[in-house]
Amino acid sequence: MIAFEKFTLDNGLKVIVHTDKSTPIVALNILYDVGARDEDPEKTGFAHLFEHLMFGGSVNIPKYDVPLENAGGENNAFTNNDITNYYLTIPRQNLELAFWLESDRMLDLAFSGKSLSVQRNVVIEEFKQSYLNQPYGDVWLLLRPVAYKVHPYRWSTIGKEISHIENATIGDVKAFYRKFYNPENAIMTIAGNVDAREIEKLSVKWFGSIAPGVKPVRNISPEPVQNESRQLRVKRKVPFDAIYMAFHMCARSDKEYHSTDLISDILSNGFSSRLYRRLVKEQRLFSQINAYISGDMDKGLFIVNGKLLKNIKMEEASEAIWKEIGLIAENLVDDSELQKVKNKVESTLEFSEVNVLEKAMNLSYSELLGDADLINHEINKYQEVTREQIRETAGKIFRNENCSTLYYYAN
């Protein structure tokens, strides 16, 4: 059970406080409700670019990292299709410095042509190294637009193409900042040896005078139901053939989410999982194989992907995967098999409650989903999933007409 208090400032900033007296470290997490799905289709990659720009200096602080590191703190950030998340940890006695740093860059970034040029080049280099010049790096650039035809999940957080970042102007990034980086669109969580009343005073002091902005209205067209099997075949300079199968699944807040997550664990969590045991160890078709979910806030994807052993035909590998996922869609799993993956999930969730930074992140995300208290009910939701629900959910997902497949051949 994670106890917390929460309040909202007059400018709309939501604040969550979790007290953990066992550590001298305090975590401060700010989640901005903006991700790649909020971008203009002709100006993609902006949410990720902004993750970099936020470390380029604000109106009163030329270099964000220097004062934080001098105070013994650490920081980082990440962007995905749904959110942008900034976090730091700092010794308890230097907590107010964290409020100063984060409030200043929410107040006003120090935009300059030089800063934009530097960060633009960093992102372009990342695009090249991680997506274009990395073996299998372009998989999501290829697979997303096959699986999605309407929804903005059809592009990755890095963006559709390099030119979108190359052509980003100061006017573009300022407009993006004004639209999304404001108190109305943020959730701040502080976790550690802190007092809620103290945090409320610091929040008002450092964030209270920032203009609220306007909560953006999200108007995203839902992805139509996929009614035909889709395939894409490519050849690349990679060591092994690979297969990537993407099935449409529910959204993070839908009731089928927990059963879907457990299905991915039954198939591919550990050496005793079905896909590893049967397709890697027994039949020796793959060197590695995985099943996982995207967990997106809108309807996401259930992915099965594997790297084939030499001399294994793509058709044979594909048929073997379909056979295994068909079994879970047609037959009830054993009680013991289901309980095993539930226990693994429970263990993972329990461990995530040890670290104050993970608690801060999870509280922020739960609040975005609707209520920070959702964090305290996750284990029960997994434990309540039945064998019948597993079979029913698998039957909905694992249909040929719901599948987009990328056949990735070694050249």
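This is a predicted model: local features need pLDDT of at least 70, side-chain atom pairs count only at pLDDT 80 or more; totals for chains, interfaces and linings use all residues.

Trainee: Where do I find Tyr-136 and Asn-311?

Mentor: Tyr-136 sits in the loop between α4 (113-132) and α5 (139-147). Asn-311 is in the loop between β10 (301-308) and α11 (314-330). Those element names come from DSSP runs, numbered from the N terminus: helices are H or I with at least four residues, and strands are E with at least two.

Trainee: Is Tyr-136 buried or exposed? And what about Asn-311, buried or exposed?

Mentor: Here's the scale: buried means under 20% relative accessible area, exposed means over 50%, and partly exposed is in between, using a 1.4 Å probe and protein chains only. Tyr-136 has a relative accessible area of 12%, so it is buried. Asn-311 comes out at 78%, so it counts as exposed.

Trainee: Let me try the scale elsewhere. How does Phe-286 count, buried or exposed?

Mentor: Phe-286 has 1% relative accessibility, so it counts as buried. You'll find Phe-286 in strand β9 (residues 286-293). Phe-286 and Asn-305 are 19 residues apart in sequence, and their C-alpha atoms are 9.9 Å apart in space. For an exposed case, take Lys-201, at 64% relative accessibility, in helix α8 (residues 196-207). From Lys-201 to Ala-98 there are 103 residues in sequence and 14 Å in space, C-alpha to C-alpha.

Trainee: Now helices. At what angle do α1 and α4 pack?

Mentor: An axis is a line fitted to C-alpha atoms, for helices over the stretch in contact, and angles run from 0 to 180 degrees between N-to-C directions. Helix α1 (residues 46-53) and α4 pack at about 125°, with their axes 9 Å apart. That makes α1 oblique to α4; under 35 degrees counts as roughly parallel, over 145 as roughly antiparallel, 65 to 115 as roughly perpendicular, and the rest as oblique.

Trainee: And how do I look for empty space?

Mentor: Rolling a probe the size of a water molecule over the atoms shows where empty space is left. On a 1 Å grid over the protein atoms alone, a cavity is a set of points where a 1.4 Å probe fits but cannot get out, while a pocket is an open set with protein on both sides within 12 Å along at least five of seven lines; lining residues have an atom within 4 Å of a point. Grid points are joined across faces, edges and corners, and a volume is the space filled by probe spheres set on the points.

Trainee: How many cavities of 30 Å³ or more does the structure hold?

Mentor: It holds three. The largest cavity has a volume of about 60 Å³, and α4 and α7 (170-180) are the elements that give two or more residues to its lining. That lining has seven nonpolar, four polar and no charged residues. For these classes, Ala, Val, Leu, Ile, Met, Phe, Trp, Tyr, Cys and Pro count as nonpolar, Asp, Glu, Lys and Arg as charged, and the others, Gly among them, as polar.

Trainee: What lines the second largest cavity?

Mentor: Its lining includes Asp-265, Arg-274, Glu-337 and Lys-340. By class, the lining of the second largest cavity has two nonpolar, three polar and five charged residues. Helix α12 (335-351) gives the most to that lining, with four residues. The volume of the second largest cavity is about 40 Å³. As for Arg-274, it lies in helix α10 (residues 274-282) and counts as buried at 8% relative accessibility.

Trainee: And which residues lie nearest the centre of the second largest pocket?

Mentor: They are His-248, Met-249, Cys-250, Lys-299 and Asn-402, out of 15 lining residues. The second largest pocket has a volume of about 340 Å³.

Definitions and conventions
Residues are numbered from 1 along each chain as its sequence is written. Side-chain values use heavy atoms; hydrogens and water are left out.
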